Amino acid sequence: MHASVEQLQLSTRRHFLQRGGVGLGAMALAALNGECQGAVSAPANPLAPHPPQFSPRAKQVIYLHMTGSPPQLDLFDYKPELVKRDGQPCPAEFFDGKRFAFTSATPKLLGTPRTFGQYGDSGVWMSDAVPHFREIADELCLVHSMTTDEFNHAPAELLLFTGSPRSGRPSLGAWVTYGLGSESENLPGFVALVSSGFQPNGGNSSFGSGFMPSHFHGVQCRSKGDPVLYVSDPEGMDRPLRRLGLDTLAELNRMQAGELGHPETLARIAQYELAFRMQMSVPEVMDISRETQSTLDDYGAQPGEASLANNCLLARRLVEAGVRYVQLFDWGWDFHGTNPSEDIRDGLTDKCATMDKPVAALVRDLRQRGLLDETLVVWGGEFGRTPFREGRTAASDVIGRDHFPDAYTMWLAGGGVKAGMSYGTSDELGFPVADNRVHIHDLQATILRLLGFDHEQLIYRFQGRDYRLTDVHGKVVHPLIA
Amino acid sequence: MRNGCFAKMVCIPIALALVGFRPLFVYAKPPATDSTLDLSAAVRSILSNHCFECHGPDDAQRQAELRLDSTRGAQLELPSGYRAVVPGRPEESELIRRLRSPDEDLRMPPPETGKRLSQDEIELLASWIRLGAEFPVHWSYRELQRPEVPDIDSEWPTNEIDYFVLYRLQHLGMAPAPEVDRSALARRLALDLTGLPPAWEEVERFVDDDGPEGVSRLVDKLLDQSSYGEHWARLWLDLARYADSAGYVDDPPRTIWAYRDWVIRAFNDNMPFDQFTIHQLAGDLLSEPTREQLVATAFHRNTLTNSEGGTNDEEFRSAAIVDRVNTTMAVWMGTTAACAQCHNHKFDPISQEEYFELFAVFNNTEDHDRRDEQPLLELWSDQQREQQQTLPPEIARLESELAPFRTSVRQAQIEWEQIWKTAPTSRVIVPTQMTRQADSAMTLLNDGSILVARDGATDAYQLKFVFSQDTTINVLQLETLPDDSLPGKGPGHNDDGNFVITDFQVQIQRPVRLAEAHADYNQGGFEPSGAIDADAKTGWAIGGQLGKSHTLSLIPEQPLVLSAGTTLEVKIAQEYEYYTLGRFRFAVADDPRMKDYVRMPAAISRILGVEPSQRSVQQADDLANYYLSIWPESEEPYARWANAKQRLADMTPETTVPIARELPDAKRRKTHIQLRGNFLNLGKEVSPGVPDLFHAPGEEVLDRLALARSLVDARNPLTARVIANRYWEAIFGVGLVRTSEDFGSQGEAPSHPQLLDWLASELVRLDWDVKAFLRLLVTSSTYRQSAAVTAEQFENDPDNRHLNRGPRFRLSAEMIRDQALAVSGLLSRKMYGPPVRPPQPELGLSAAFGGDIDWTASNGEDRYRRGIYTTWRRSNPYPSMSTFDAPNREVCTLHRARTNTPLQALVTLNDPVYFEAAQALARRLAAAASTTADGVQEGYRRCLSRDPSEQELENVVQLYNQVHQRLQAKPEAATQLATDPLGPLPAGADPVEAAAWTVVANILLNLDEMILKR
């Protein structure tokens, strides 16, 4: 039937191919909208760098995630009124009808036992738990009005990194690498570094590619053992021997390509060559002993450890080498007060001592090397901690706070954000956001904006639906952008 | 979101041309369709992509009350007085006017959407209106009619598939490719049907069996192998989101492997797909379901369970039901239902209300996000089931042997009970001196008990008692007491209140031998006897009954006779740090009856304290049985009987599996629409239902069974199309409908609609016989074509949508691993059972709130089992398999990506699992070969099922020689290469040769031809 219709349709399709009247922005956008059905077999490098939609403020990201969530009221968000009312029962309006992870009876307000002061030219408030942050006070953009929807670790962390509290979606690093590709030919575009012995709450999903292909999965690099899984040759295999083998392999594969003509075979030859180069470049970039002693001292890094200090230094080395997105996870910030290491007095002092020095060193180091302006640094947890004492441990000697999603502090630095700024406030007791609420999806939209994307148009189509990092939410927080 | 659909049709090819070559965004040219091209399908596609967002099925988003997705809606007179579509009159149709309007305010789509129709598209819409603007049902929902097979005079076709394919090719002026060579076909068939490469003997046999029936014979043989079920189960387990862990933050292990085994068996038994469907969705609702039918219902128990503290079970139960709805729709209906969870579907006519009607169908199973995964089905091994049959009669027989004693000893029992009419008592004794090893205090309290401060180390307490009058001690008792000052109220010092008494010594001038120790309770593994043996590791503890008082009774070998003024010394040694006693006291009994009294189980002495007339039947029975156990003549028959009973009672199932079980009527849940998908924000109540779009079941009760039956009802066209397409995709790499996950209006139309419909109708005609269907696919001439392709051909049709060459695409993660193990001879063919842990790198990390990510590798052949048996931990999937795109199985995976990355190269080059395979393969090559060339040939035959070409042979022999030469100077490196991790070489083997073969084998295992089907 309808031979004419078929012709019409075919000509329409030809026309699609020949059409030229679309602006450049729309084209780049269209490329982003590409759908991967897993069936595509053409070879090329999906990680080749590509420009974003707008001119970007930041080219790369270092995300410092404090797994478990640090207590904002004992670090950045100073509440004298809460200190004054320390020990009083929590007002019913802030407790009744709400759900908390580990507190069921009416809790007592908990003023910070820490000493606060104002630092830098900008007079940013900070506690005595993070003395090294004073040196970078004027680089920071603190957001005191963060909110999230989730009050348990895993869903909150997944919401933060994937835009959805359930696993299965790509993480922020995957979206960024999908959108921008990688600047490095010899290194992965998205690297994850884990310290303090535990994987993040969301497991691999917190740095995963979700439904995107595995190109975009964060590659976990480690300071002990193989820095990347299987990057070391087997025992007894030296480089020349490996080279001999790969030369033969390439030759045999070229014969195969000649016989069967599939470009994927040629792509595979290229991937083996890249793997060979990675075997050199990854251990090289991961070897912090190449740094000067004074740099190691600045960070408090010690070669061979799996510490946050080492990972901060690695983050700089990776970004310098062209890695697009470096995700750090540091376990041990869940200050419930169930044991002395989770006490917001000495416990917090000890934990912060492993963190504030290397993080401050990282920001300074990026600044000195001229990298800070194009590198966005983000610091925070998956939610905040309550202005009251946690229920389970209320009778013990150890002082801790419960999970709190309604108001907490994160900070950004470099990468086009305003420096020396405090944005948004919680109320006088630290319960709800008083002004300029910033939801997780808003933070995500803002990060993507800094990298040159409209978060509503960075889209990936999967199983019949278009997905975004921000789901159907999020608005850019323009006041944060310099 | 709107730009996604826009770009999909229009922009991608342009973007490609100008932005560069990036494969993820590459689009095949639009698929050519059958000549019986459906105008309305094209129209629907244009309208769906450009108009439905505002003028589609979602009434919340609908503008100007216009809906263009139905004939009636499009032709209705609108409040504005216009009619969007006037059949036969495009010039009067407001749709066309608006599309063509030069006025930006009037033109559709509105300019700010960024969407715009081309002149050709508008022309197409106008032609459609001119021809009557018929709006037939979307192609995939349309009734399934068996198309006629094209009548072509050609030698090429083997079966019907080929006629449809050839018909298209002839129209396009193309020809099929020649048949692939015989050995490549053997390998392709074996990999596609069993996931494993063929043995060389099999290849040779097939090359010789080149008659017309040769292919059928090989196919039948392969379909008969148990490896067939293992291979095809993998695809289904992706859909079923099967994993060996429960998901979420701590991702604890989940025991559900019996379901995985059920799927393997179902494939091997060739269970028809309709039964396969019904058993999994509703096996429990069948009348008198079998064990296997219940196991099948674990399909929907593969949803995640959240056991993190403070989580709301109802929230995550609801999330699991949402997943069941979405998975059911995706697997059987090729439909994305997820959109409709929060709002009416924008493109396909599924309303939010209909979504929750489906939710209601699944909403009444018993499970509710519990950590123990109840309800569970216990599964017993054949041997156990035999015992369950044979033990009861055996017990009855033993009972009959015991029965005479029940009457004969009755009088003796009554007399015995008289002895215990009053229970023997003991009296508290107070120490005159107390010391301990640690420094902190021991305080004597008013009741004669001693409170000991916590110290932390191990400890030993020494007490002295001076007796003021003559005393005989038949039993010495230590009473441990709770105290509010102790952790967990004691009686011990450990955080939970426990203690361990590792040694107990008594001395009256000289040491006294203690013959027996009894306690009214002990923790498993911490028997009272441990307190009087010489072993400091064993001892008495009370975990499980903390915070209560307990008594340890010690019987000396001879009664202790003390004259007045004598000192009794007691030493309590406690060799576990922190596990020390916090509060206790001593008592002595001179009543000799006390010995027998403490020998009785505590339960029996308690019964003796009850007046005979007040005892329950159970108590009377227990007492009578106890007496039989101590009466000399009945002791043995009693023990035989009790032992048999105990064996039956102690039997534990081989495994358990979570299953679906419907709630009883009284407990049924109501289902409400969840506004914006939030389980706390409820709208109106809905009843179970199936979207109108799908074939609604006629049954009176709309439950899971009715839904399952409707899915595979012969009148339901969608499932057959979806399933036929899925098998096609598995064999050919790309579905006839490329978007195999979306058969809705946003999905792609089939490349060969007639062929798809013929295959779907054939699947139904075959009564859903999956093996017969696969046989049809792989015996076709279409399948048997050579995969060779020219550059031009590839550029025009990279995904082989025209089907004029053979399938060639990357193997799955499991196949790549299984193949390496198979060709090296390491692969274990053991089937079924608990998941196994092949070696993986130590990461030195723990999961958040969970256990180690590292695992101890399984021993023996379990290290070399097929990938389908590898423990699938969702939060940390087996690293080498996830590098090859194995999903974490948190949700249903409809198709896996097939990436090509440098990390994959690192796996197959360096992962010890693969290098071990290279070493094993090397030893076989060395053993088989008298010359290097022979060894290389053997390697090619094992790995690639063919002989090497002259050039290949030359290159590989040269590699061998070069490596051999280099390693001669490095014997240590050679030994490492040849033996780590596989182990020492066989006696007499030369390490340098073995190492050179290992390097060669490592390269063979990395050949492109090992990773792509040929």
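I take two strands as paired if DSSP finds at least two bridges between them. The model I am reading is predicted.

**Entry: strand β4 of chain A**

I began with β4(A), residues 140-147, and looked up its partners. One of them is β15(A), residues 438-439, joined to β4(A) by two bridges. The two strands run parallel. I then looked for the residue that faces A:T147 in β15(A), and the bridge partner is A:H439.

Next I looked up β12(A), residues 421-423. β4(A) pairs with β12(A) over three bridges, also in the parallel sense. I noted that A:V143 has A:Y423 as its bridge partner in β12(A).

Five bridges join β11(A) to β4(A), and here the two run antiparallel. A:V143 turns up again, with A:M410 as its bridge partner in β11(A).

How many of the eight residues of β4(A) are buried? I found eight of the eight buried, so the strand is largely enclosed by the rest of the structure. For this I count a residue as buried if 20 or more other C-beta atoms lie within 10 Å of its own.

**Entry: two helices in chain A**

I looked up α10(A), residues 308-320, and α12(A), residues 356-368. Their axes come within 9 Å and cross at roughly 15 degrees. Angles under 35 degrees count as roughly parallel, and α10(A) and α12(A) are therefore roughly parallel to each other. The crossing of α10(A) and α12(A) is right-handed.

I then listed the contact. On the α10(A) side I wrote down A:L308, A:A309, A:C312, A:A315 and A:R316. On the α12(A) side they meet A:P358, A:V359, A:A361, A:L362, A:D365 and A:L366. I sorted the residues of this contact into nine nonpolar, no polar and two charged.

**Entry: two helices in chain B**

From α8(B), the contact takes in B:E160, B:I161, B:F164 and B:V165. From α27(B), I noted B:Q754, B:L755 and B:W758. The residues of this contact divide into five nonpolar, one polar and one charged.

**Entry: an open sheet in chain B**

I traced a sheet of five strands in chain B, in the order β3-β6-β14-β9-β10. The sheet is open and its pairing is antiparallel. Which strands stand at the edges? They are β3(B), residues 433-436, and β10(B), residues 510-512. Each has a single partner strand, so one side of each is left without a neighbour in the sheet. From one strand to the next, I read an average twist of 25 degrees.

Three bridges join β9(B) and β10(B), in the antiparallel sense. Within that pair, B:I508 stands opposite B:R510 in β10(B).

**Entry: residue B:D484**

Last, I looked up B:D484, in the loop between β8(B), residues 475-480, and β9(B), residues 503-508. Is B:D484 buried or exposed? I found 7 C-beta neighbours inside 10 Å, so B:D484 counts as exposed. I also checked B:D484 against B:G547, which is 63 residues away in sequence. In space the two are 8.9 Å apart, C-alpha to C-alpha.

Methods. Residues numbered from 1 in each chain as written. Chains lettered and ligands numbered in written order. Predicted model: local features only at pLDDT ≥ 70, side-chain atom pairs only at ≥ 80, totals over all residues. Helix = DSSP H or I, 4+ residues; strand = E, 2+ residues; numbered from the N terminus. Buried ≥ 20, exposed ≤ 12 C-beta atoms within 10 Å, placed from the backbone. Axes fitted to C-alpha atoms, helices over the stretch in contact; angles between N-to-C directions. Parallel < 35°, antiparallel > 145°, perpendicular 65-115°, else oblique. Left-handed = near helix turned anticlockwise from the far one by under 90°. Contact = placed C-beta atoms within 7 Å. Nonpolar A, V, L, I, M, F, W, Y, C, P; charged D, E, K, R; others polar.
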